[in-house]
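Student: I have a structure here that I have not looked at before. Can you walk me through it?

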Amino acid sequence: MHDAMFFTPVAVSVGAGHKRMLASLFDMHDFLTEFPPSRRRLSYGAAVRACKAARAGEISTEAARDALITFAVTAGILWPAVQPAVSVKPVAHGYGYAV
């Protein structure tokens, strides 16, 4: 078994606006092991099997990463690739109130 880095890390949501970057097979294994059993779906098992196969050298690291992304999408935890734009409205100062 060996650890290999992903070409591009996978960002997943781990609660209330927090993200976790998974950059390697070790990170993937660690995350999947910690994932709550009550939230696991069929794609969870596929991701675990892909991680084990990649660590054993049976499939590519990127194939395991793809399985992780599929799991994250079906579980609703894949962090969005693009952050939403935030608009800020300027406030007039010196008049005692906002216009």
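Student: How many aromatic pairs does a search of the whole structure find?

Tutor: Three. Rings of Phe, Tyr and Trp (its six-membered ring) pair if their centres lie within 6.5 Å; planes under 30 degrees apart count as stacked, over 60 as edge-to-face and the rest as tilted. One of the pairs is Phe31 with Phe35, which is tilted, at 5.7 Å centre to centre and 55 degrees between the planes. Tyr44 and Phe71 form an edge-to-face pair, with 5.6 Å between centres and 70 degrees between planes.

Student: Which helices do Tyr44 and Phe71 lie in?

Tutor: Tyr44 is in α2 and Phe71 in α3, so their pair ties together parts 27 residues apart in sequence. Helices (H or I, at least four residues) and strands (E, at least two) are DSSP runs, numbered from the N terminus.

Student: Before I go on, what kind of model is this?

Tutor: A predicted one: local features need pLDDT of at least 70, side-chain atom pairs count only at pLDDT 80 or more, and totals for chains, interfaces and linings use all residues. Residues are numbered from 1 along each chain as its sequence is written, and side-chain values use heavy atoms, leaving out hydrogens and water.

Student: Are Tyr44 and Phe71 buried or exposed?

Tutor: Both are buried, meaning under 20% relative accessible area, with exposed over 50% and partly exposed in between (1.4 Å probe, protein chains only). Phe31 and Phe35 are buried too.

Student: New topic. What does Met28 touch?

Tutor: Leaving aside residues up to four places away in sequence, Met28 touches Phe6, Ala47, Cys51, Ala64 and Leu68. Contact means heavy atoms within 4.5 Å.
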